[in-house]
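The following exercises concern a structure with its sequence. Please work through each task before reading its solution.

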Protein chains: 2
Amino acid sequence: MTASLLLRNVRPYAGSAVDVLIENGKIARIAAGIEAPAGTPIEDGRGEIMLPGLVEAHTHLDKSLWGQPWYVNEVGPKLLDKIDNERLNKRRLDIDPARQSARQSIQSSLTGSTHILSHVDVDTDHGLWGVEGVMRTRDEYRDIVDIEIVAFPQSGLLRRPGTLELMDEALKLGAGIVGGLDPCTIDRDPKGHLDAVFELCQRHGKPLDIHLHEPGEVGAFSMDMIIERTRALGMKGKVTISHAFCLGTPDPALVEPLIEQLAELDIAIMTTGPASRPAPPVKKLLGAGVRVCSGSDGIRDTWGPYGNADMLERAMFVGLRNNFRRDDELRLALDVCTTEGAKVMGVEGYGLGEGCVADLVLVPGETVAEAIVTRSPKRRVVKRGRIVARDGVSVRTAP
Amino acid sequence: MTASLLLRNVRPYAGSAVDVLIENGKIARIAAGIEAPAGTPIEDGRGEIMLPGLVEAHTHLDKSLWGQPWYVNEVGPKLLDKIDNERLNKRRLDIDPARQSARQSIQSSLTGSTHILSHVDVDTDHGLWGVEGVMRTRDEYRDIVDIEIVAFPQSGLLRRPGTLELMDEALKLGAGIVGGLDPCTIDRDPKGHLDAVFELCQRHGKPLDIHLHEPGEVGAFSMDMIIERTRALGMKGKVTISHAFCLGTPDPALVEPLIEQLAELDIAIMTTGPASRPAPPVKKLLGAGVRVCSGSDGIRDTWGPYGNADMLERAMFVGLRNNFRRDDELRLALDVCTTEGAKVMGVEGYGLGEGCVADLVLVPGETVAEAIVTRSPKRRVVKRGRIVARDGVSVRTAP
C-alpha cells in the first residue's frame, strides 16, 4: 500500500493530457508537469486514455473452464438441463473452484478489471467447495483484484433440502452477499424462495443479489414481490436484480411502474447486454436514477463457450444491445462497466479524483468510444498504485 | 496464379492433422506426410485449424472511416437522420471511397476474409464516386481479396429523381448486383420501388440484394412483394434479402409462410446477428434449406462506431444473437460466415476439398467453437495459394 508512481502524459476519460502522482496507493495529485519526488518510478503514459479500473459486477469465478481442455458442449436447451449438467459433471471435469477462480481473476485483471463481484454456487452436492475456493483466490490475489462473493443457490434453494442451511454457512464463512434465483420458475415457490433469501439478508445483515431470468409477466410478478419485500424490510439500496429480462418487455404499462419503484427503492440492475434475450433499457434506467452495472456472467463454462472477462468488450456488448451509436451513449456503456459497477459493489474511494484509490487502466485510443470498440489488448492496469498487468501479461502467474 | 505452397500439419475444420499441397493457386492434395516437389515453399501449420477463407457478404466498403481521425457521433435517432447526415458530410469528412475501401479491404483480408460483397452508395449528390472508388480497390487489391459490388440506392430510389438513371449507369460500369432498400419506409412506394429494382435486374441480367430493415407486419408485407416478383419473373436463386428483421417477429403465423417461400424460391437471407433488433432465426432458416450469409455491415462509419471486419467475430455475434451454445451450433455460425456466404456470392471452387481454390485461413484453437470465441489475431491468410497476411500484418500497405 506504499506504492509511489508517476504516470506521465495520460488522458483521464480521453480528455487533456496530465500527469498523475500516486502515493500510498492513492491518487495524490493530478496536474500538468508534475515534478515527482526523487526516486519515484515514472511510467510513460504515451498520451493514452486513463480510466478507473473496470468493474466486473457479475460473474461466476468458481465454474469457468478457462485453461482447461476444450469442453464440447452438447447440453440440452432448458435452464434446468444446464444447471443439472454442470452440477453432475463438476468433479468429473475437474472444475476446481480455487484454481479456476484464480485463472479467471488473472484474466480479468489483465484486461483491466480491478473489482469482481462473483456469484458462487452453493448446493448439496458440492457444499461450500466453491465458496472456499473463491475465498482462497480472493485472499491470495488481493494484490491484483478485489473480489466480493455472493452465495448463490444455483440449483435452487427450496427444491433441494439442505441448501438453505449451506447458504447460512456460506454467509458465516465469508460470502458478503445473499444470492437468489428465479423464484417462480426454478423453486416454483416465489413466496417461499423470496421469504427465505430476504430472511437470510436480515439475519446476516447482508445485501441481496438475485438472478431474475424470468421473462415478461412472470418476471414482472417476481420483481414486484422483490420490490414489496425490499420496501417492507427497509432494504432500500441493498438489493440488486441481475439480468431482469422482464424489463425488456416491449410494454411500457408493465415496465414503467417497475422502473419507478426501482428508482424509489434504489434497487440496482445488472445487465450483460444479452443479444438473444429481452434486456433492461440501460439509458432509460440510468435516466430514472437507477444504478445499472454489468458483468461477463459465465465465462467459457459448461453453460456456453463465450467470454473473455474483458469489461471493455462488455461495454461494447451493452452498447450493441442498447443500440448505442453516439459517443455520449458509448460513455454510458463505459459508466455501467466502471462507476456504476463500483456503486453497486459499494467500492470506497473509487474514481479518478485526487484522494481516490489508484485503481486504473491505461488504454490506447483517441476517445472513450474508440477505446470501447477497438478493445486494444495493449493495456496497463494499476491496482492500488502498482502496475499489475502490461500488454496482456499479469504480474501473477495462473495456476 | 502459379503459387505453390506446402502447408504442413494443419487441421481442416479442427479435424485430424494433414498436409495440404497447393499448386497453381488450388488445393492439389490433402494427405498426411506429403512429399512436396523440391523447392516448394513450406509453411509450418503448427497444428492450427484450417478453414476456408471467411466471406464478408454484406458491408459498405465505400463509407468506412477506418484510419481517419475519430468521428464524434452526435447523429439523431431516425434512419433518415443517419442517411442524410452521411450524404451531406461525405465530402467534408473526406470519405474517399477508393482510399477507404482499400483500407477496409486490407483489414478484412488480414482477419481472414478472402471474399467481400460490398453495397456501394449511388445517389444524386455523389453520383458514381463510390462505385468508381470501390471498383478501383477491387482491381488493385485482387491479389488479396475478391470484391463484388452492389449498386445501392442508400438515399432512396424514387424519392430522389435521377437516382434510377445513376443505378443504371453503375450497373453498366461494373456493379454486379442490383441493390434496394426498405420499399415502404424509405421510398414510401413499395410497388414503385420494387418494380424499379426488379426491372433493373431484368434489363441487366443481374441478381438483387435488397436491404429490408422494416419490422414486423410491414417488413413481412414488403418481403411478400419481393417473393411475388421473384416468382413471377423467374428469379429463383437470384435474390438476397439483407437484415430481414421481420423474420425475427415472435409470431410463427407471420414468419413460417415466409420461410417456406424463401426456401421454395431459394431466396437468401443476410443477417449480421444484430443485438438490438429482431433477427432472422439462423438455425431454423438453414434447417429449411434457406441460404444464410452474414457480414459486418457498416464498419466505423457515420452510422456507428462498431466493427473491425473480423468475420470470426461476426460468427460469434451470430452465435450470441441466436443463443448458440453447443459446439454443433457454433459450427452453423461459422458456416454462415464461410460456405453459406460463398453460396450467396456464387464463388466457384470454394472449400477445403482437393481442386478447390486455395483461399484459406489458419487460426489457433482446439475446436471450431474455440476459434470463434477466442478470435485470436494470430492468423495466417492464404489467397489463391499465396500467404497474404500473417499475425495481423498484410502483404499490402493501406493508403
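Two residues are in contact if their C-beta atoms, placed from the backbone, lie within 7 Å. Helices (H or I, at least four residues) and strands (E, at least two) are DSSP runs, numbered from the N terminus. The model is predicted: local features need pLDDT of at least 70, side-chain atom pairs count only at pLDDT 80 or more, and totals for chains, interfaces and linings use all residues. Residues are numbered from 1 along each chain as its sequence is written, while chains are lettered from A and ligands numbered from 1 in the order in which they are written.

**Exercise 1.** Determine which residues of α5(B) meet α6(B).

*Solution.* Step 1: locate helix α5 (residues 190-204) and helix α6 (residues 216-232), both of chain B. Step 2: list the contacts; P190(B), L194(B) and F198(B) of α5(B) meet S222(B), M225(B), I226(B) and R229(B) of α6(B).

**Exercise 2.** State which strands stand at the edges of the open sheet of chain B.

*Solution.* Step 1: write the order of the eight strands, β3-β2-β1-β4-β13-β14-β15-β16, with mixed pairing; two strands pair if DSSP finds at least two bridges between them. Step 2: β3 (26-31) and β16 (393-394) of chain B each have a single partner strand, so one side of each lacks a neighbour in the sheet.

**Exercise 3.** Describe how β14 and β15 of chain B pair.

*Solution.* Step 1: β14 (residues 380-383) and β15 (residues 386-390) pair in the antiparallel sense over four bridges. Step 2: R380(B) stands opposite R390(B) in β15(B).

**Exercise 4.** State how many residues each chain gives to the contact of chains A and B.

*Solution.* Step 1: chain A gives 25 residues and chain B gives 25 residues. Step 2: the elements that give two or more residues to the side of chain A are α9 (311-321), α10 (327-336) and α12 (368-374).

How values were computed. Axes are lines fitted to C-alpha atoms, for helices over the stretch in contact, and angles run from 0 to 180 degrees between N-to-C directions.
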